[in-house]
Amino acid sequence: MSKLGKKHIAQGLEKLALVCSWAAALSMVGIVVLIVTSVLMRKIANTPIHITEEVVGLMLTVSLFLGVPLVTLKSKHVKVALIIDQLKGRTRTIVQKVAILIGIAFFMWLIWEAVPWLEFAFKRNLKTETSRILLYPWMSTMFFSLVLTLLVFIGRLFGLFDADAERDEAMPTLKDEVS
């Protein structure tokens with residue numbers, strides 16, 4: 001693949017991940033607005049919004065999943081860097097590639113498990129218990145974020161994103177703190 005093609009793929013994945021993260025942020029704002037509104041309605045009018053718990057649960061789940069692609073792309077997730085920071089050269093590269101392959105396998109497995117789950121919800125037109133909100137649109141959003149995260153891992157495997165450079169720029173190491 002040409003360098004220009006790789007650049008376009010990387011930019012496309014980055015923009016999709018950014019859109020997902022904005023949707024996650026808007027979902028979190030929506031959660032706060034819904035909870036505050038429900039509390040005010042309960043205190044002022046003695047009539048809380050009956051769908052609050054279900055919608056907040058759905059929005060929280062979706063926002064968490066939508067944040068994963070950008071966090072993975074920027075390599076800002078929680079990780080134990082104690083060992084990898086001690087490795088140099090070829091050994092470090094091998095360990096990083098193995099970690100990427102484990103991430104690819106994990107997300108492939110999640111997608112494999114999510115397909116029948118999503119099909120089941122779609123075919124049976126599943127809805128939430130109290131407010132009867134359709135579940136498959138929420139579930140498909142989570143499925144989309146899993147696929148996008150898998151593509152980010154594959155892109156990282158093929159060198160579209162450099163995890164070390166991004167992490168080293170933003171994260172001070174223990175050596176930096178001591179000196």
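## Aromatic pairs, helices and cores in a predicted model

The structure holds four aromatic pairs; rings of Phe, Tyr and Trp (its six-membered ring) pair if their centres lie within 6.5 Å, and planes under 30 degrees apart count as stacked, over 60 as edge-to-face and the rest as tilted. This is a predicted model, in which local features need pLDDT of at least 70 and side-chain atom pairs count only at pLDDT 80 or more, while totals for chains, interfaces and linings use all residues. Residues are numbered from 1 along each chain as its sequence is written, and side-chain values use heavy atoms, with hydrogens and water left out.

A pair of aromatic rings is described by the distance of the centres and the angle of the planes. Two of the pairs are set out here.

| Pair | Centre to centre | Angle between planes | Type |
|---|---|---|---|
| F107 and F153 | 5.6 Å | 35° | tilted |
| F122 and Y136 | 4.7 Å | 80° | edge-to-face |

F107 lies in helix α3 (residues 89-123) and F153 in helix α4, so their pair ties together parts that are 46 residues apart in sequence. Burial is judged by relative accessible area: buried means under 20%, exposed over 50%, and partly exposed in between (1.4 Å probe, protein chains only). F107 counts as buried at 10% relative accessibility, and F153 is buried with a relative accessible area of 13%. Ring pairs also link F106, F107, W109 and F153 into a cluster.

F122 lies in helix α3 and Y136 in helix α4, so this pair ties together parts that are 14 residues apart in sequence. F122 counts as exposed at 52% relative accessibility, while Y136 counts as partly exposed at 23%.

The protein chain as a whole has six helices and zero strands; helices (H or I, at least four residues) and strands (E, at least two) are DSSP runs, numbered from the N terminus. Of the 179 residues in the protein chain, 31% are buried. The protein chain exposes about 11900 Å², with carbon and sulfur atoms supplying 71% of it; accessible areas come from the Shrake-Rupley method with a 1.4 Å probe, and for residues only the protein chains shown count as cover.

Helix α1 (residues 3-45) has 43 residues and reaches 61 Å from its first C-alpha to its last, close to the 63 Å expected at 1.5 Å a residue. The expected span is 1.5 Å times one less than the number of residues. The buried residues of α1 include L13, I31 and L34, and the buried residues of this helix pack against α2 (52-73) and α4 (136-157). N46 follows α1 and has a positive phi, near 60°.

S38 is found in helix α1 and is buried, with a relative accessible area of 4%. A polar atom of the S38 side chain lies 3.5 Å from the backbone nitrogen of I49. Leaving aside neighbours within four places in sequence, S38 is in contact (heavy atoms within 4.5 Å) with P48, I49 and T52.

In soluble globular proteins, nonpolar side chains tend to be buried together. A nonpolar core is a set of buried Ala, Val, Leu, Ile, Met, Phe, Trp, Tyr and Cys residues joined through side-chain atoms within 4.5 Å. The largest nonpolar core here has 19 residues, and those with the most contacts inside it are L66, L73, M139, L148 and F161. At least two residues of this core come from each of α1, α2, α3 and α4. A second, separate core of eight residues includes I100, I104, A114 and L150.

Conventions:
Polar contact = N/O pair within 3.5 Å; in protein donor to acceptor, adjacent residues only side chain to side chain.
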